[in-house]
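Please consult it alongside the sequence and coordinates shown here.

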Amino acid sequence: MEAAPTPAPAPHVLVVPFPAQGHALPLLDFVALLATRGLRLSVVTTPANLQLLSPLLAAHPAAVHAVTFLFPSHPALPPGLENTKGCGPGQFPTFIHAFAKLREPILAWVRAQPDPVVAVVADFFCGWTQPLAREIGAAGIVFSPSGALGTAVMHSIFRRLVRRPADSDDGFTVAFPAIPGEPSFQWRELLMMYANYMAGKLEEQVGESVRQNFLWNLQESWGFVSNTFKALEGRYLDQPLEDLALKRVWAVGPVAPDTDAAGVRGGEAAVGAADLMAWLDAFPEGSVVYVCFGSQAVLTPAVAAALAEALERSAVPFVWAVGGGVVPDGFEARVAGRGLVVRGWAPQVAALRHAAVGWFMTHCGWNSTLEAVAAGVPMLAWPMTGDQFFDARLLVDEARVAVRACAGGIGFVPDAGELASVLADATGEKGRDMRARAKELAAEAARAVKEGGSSYADLEGLVQEIRKLR
């Protein structure tokens, strides 16, 4: 009897996350989706970031493997820093530059493997992996932790080197005529990292390294994978964008799981998910505002005081995850019973999916945005920096699932009375239509990732393209 043919080995994909919570988490969620579709994945990490991979490695032990490298040192970074969570704003570009020094160790590791790597999937801050992929004969795929609009704007400014006239201020408007809808943003709403680069505030080698990452993504990659879906960003996905070098974009989101029962997504929570759910159970449906500004932003004492005053004056029930920030003395005692302050990481996915939570005051980071969209919770948009102003425009002006709470950016102190009015209006009758719209968009998000949906189709199509590379 003729022996059965030996099955072909699973295609080997190298994955390079960028060590920041908001970047690594969605890419690891995407890796889980690829693992369930029969690919073999080697994920680059460093010793201090290995714990982020633990749930993934436990869930897919045969398909996903960690490849650990020592984090490259840099004289401008504190010893032992391996994640941007410990970065000051001025250190972020240097961190990107330092991480790129992993190129040679990774290249040596790849060349020592018994089976070839057929594709390299890397965060858009790791553009240095794109020429590496070409060098080893693999397809280079850029993973964007941002939306399609934000990804296009960020790559556009570094490609075009948009300049601000010398006699203008931070309100100078920059237009993007090649992007559908011709969006425009004020200079202060563009990346702080870009503004510092153009102002010559970055060390020359660091600045050029950051810019080159974006150029490599455009010049060398096979295409982009974006954690978004067509019902949210269809106008930026229907046709290739000039600002993304006309590259293919696979829209595969939302990639995050629907639930996080243990409340440990992204790190150990400061409050147990069960305890938080029990506290929320005491409130009527849709009455609570959940407040959180992500893992990077820390409110100044003046901004925190204004927000605390607004929450107190509005009389709305709330949960405020303050992260590493502070709250005014006596605030918690004054709002006891209707307000809960969480110092540290909160089980955000679980909170947003609780029936009592009706609104989310957010910095509009893309992970938080998609978690709210998937949960059907409208947003009070308070963008701070990065791609957050681009996201806020999308949510407020196009998707119509958010209202502007504050538009001043990081460090801006809002008027507490005006902010209290925004909170009261949102949770009252004036917010009814937007809450309904958010539920509709959540249904669209759920359909996108199921068989027959747009994101499901893009994911399956990408996997088939990778299989052809063997």
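In this predicted model, seven strands form an open sheet with parallel pairing, in the order S3-S2-S1-S4-S5-S8-S9. Strand S3 (64–68) and strand S9 (248–251) lie at the edges, each pairing on one side only. From one strand to the next, the twist averages 25°. Helix H4 (residues 103–111) packs on this sheet and touches strand S1 (12–16), strand S2 (40–45), S3 and strand S4 (117–123). The direction of H4 makes about 165° with that of S1. Within the sheet, strand S5 (residues 139–144) and strand S8 (residues 223–226) pair in the parallel sense over 4 bridges, and Ile-141 stands opposite Gly-223 in S8.

Strand S11 (residues 318–321) has two pairing partners to consider. Strand S10 (residues 288–292) pairs with S11 in the parallel sense over 4 bridges, with Val-291 standing opposite Trp-320. S11 also pairs with strand S12 (residues 339–342), in the parallel sense and over 4 bridges; here Leu-340 is the bridge partner of Val-319. Phe-318 and Trp-320 point one way from S11, whereas Val-319 and Ala-321 point the other way, and all are buried.

Turning to the cysteines, the count of disulfides comes to 0. Cys-364 takes part in no disulfide, and the nearest cysteine sulfur to it, that of Cys-406, is 11 Å away. A disulfide requires sulfur atoms within 2.5 Å.

| Residue | Relative accessible area | State |
|---|---|---|
| Cys-364 | 0% | buried |
| Cys-406 | 6% | buried |
| Pro-414 | 9% | buried |

Where does Pro-414 lie in the chain? Pro-414 is placed in the loop between strand S15 (402–404) and helix H16 (416–427). With a relative accessible area of 9%, Pro-414 counts as buried because this value falls under 20%. Leaving aside residues up to four places away in sequence, Pro-414 touches Val-303, Ala-306, Trp-382, Cys-406 and Leu-419. One of these contacts, Cys-406, is itself buried. The C-alpha atom of Pro-414 is separated by 14 Å from that of Leu-380, and the two residues are 34 residues apart along the chain.

Key. Residues numbered from 1 in each chain as written. Predicted model: local features only at pLDDT ≥ 70, side-chain atom pairs only at ≥ 80, totals over all residues. Heavy atoms only, no water. Buried < 20%, exposed > 50% of the residue type's maximum accessible area, 1.4 Å probe, protein only. Contact = heavy atoms within 4.5 Å. Pairing = 2+ DSSP bridges. Axes fitted to C-alpha atoms, helices over the stretch in contact; angles between N-to-C directions.
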